[in-house]
Amino acid sequence: MSTQEQEAFEPAASGGTSDPYDVPVDRAPLRLAFGWLLVGAPLVYGIITTLSRVGQLFQ
């Protein structure tokens, strides 16, 4: 296989133009939101439960 044929099959590997759908996507905000969902929901539940129990002590 010649170099030109190889570039036709593998343009990104040879430094040529890449596929327009091969654009890197920054997934950090999604990971951050998912992490906050996993950690934040139980945390908020714990805070609300604790505050409601403390409030019951002073009634």
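This is a predicted model: local features need pLDDT of at least 70, side-chain atom pairs count only at pLDDT 80 or more; totals for chains, interfaces and linings use all residues.
The expected span of a helix is taken as 1.5 Å times one less than its number of residues.

Entry, whole chain. I counted the elements and found 2 helices and 0 strands. I then looked up burial: of the 59 residues, 3% count as buried. The chain exposes about 5,800 Å², and carbon and sulfur atoms supply 64% of that area.

Entry, helix H2. I checked its limits and got residues 28-57, which makes 30 residues. From first C-alpha to last, H2 reaches 43 Å, close to the expected 44 Å. I also looked for a bend and noted one of about 30° at Gly40.

Entry, annotation. The unreviewed UniProt entry places a "transmembrane region" at residues 33-54. I looked up that span in the model: residues 33-54 are 100% helix and 0% strand. The end C-alpha atoms of the span lie 30 Å apart.

Entry, Thr49. I located Thr49 in helix H2. Is Thr49 buried or exposed? Its relative accessibility is 19%, and the cut-off for buried is under 20%, so Thr49 counts as buried. I then followed its side chain, which reaches the backbone oxygen of Tyr45 at 2.8 Å.

Terms used: Residues are numbered from 1 along each chain as its sequence is written. Side-chain values use heavy atoms; hydrogens and water are left out. UniProt positions are given in the numbering used here, feature names are shortened, and annotations may be inferred rather than shown by experiment. Helices (H or I, at least four residues) and strands (E, at least two) are DSSP runs, numbered from the N terminus. The bend at a residue is the angle between axes fitted to the seven residues ending there and the seven starting there. Buried means under 20% relative accessible area, exposed over 50%, partly exposed in between (1.4 Å probe, protein chains only). A polar contact is a pair of N or O atoms within 3.5 Å; within protein, one must be able to donate a hydrogen and the other to accept it, and residues adjacent in sequence count only if both atoms are side-chain atoms. Accessible areas come from the Shrake-Rupley method with a 1.4 Å probe; for residues, only the protein chains shown count as cover.
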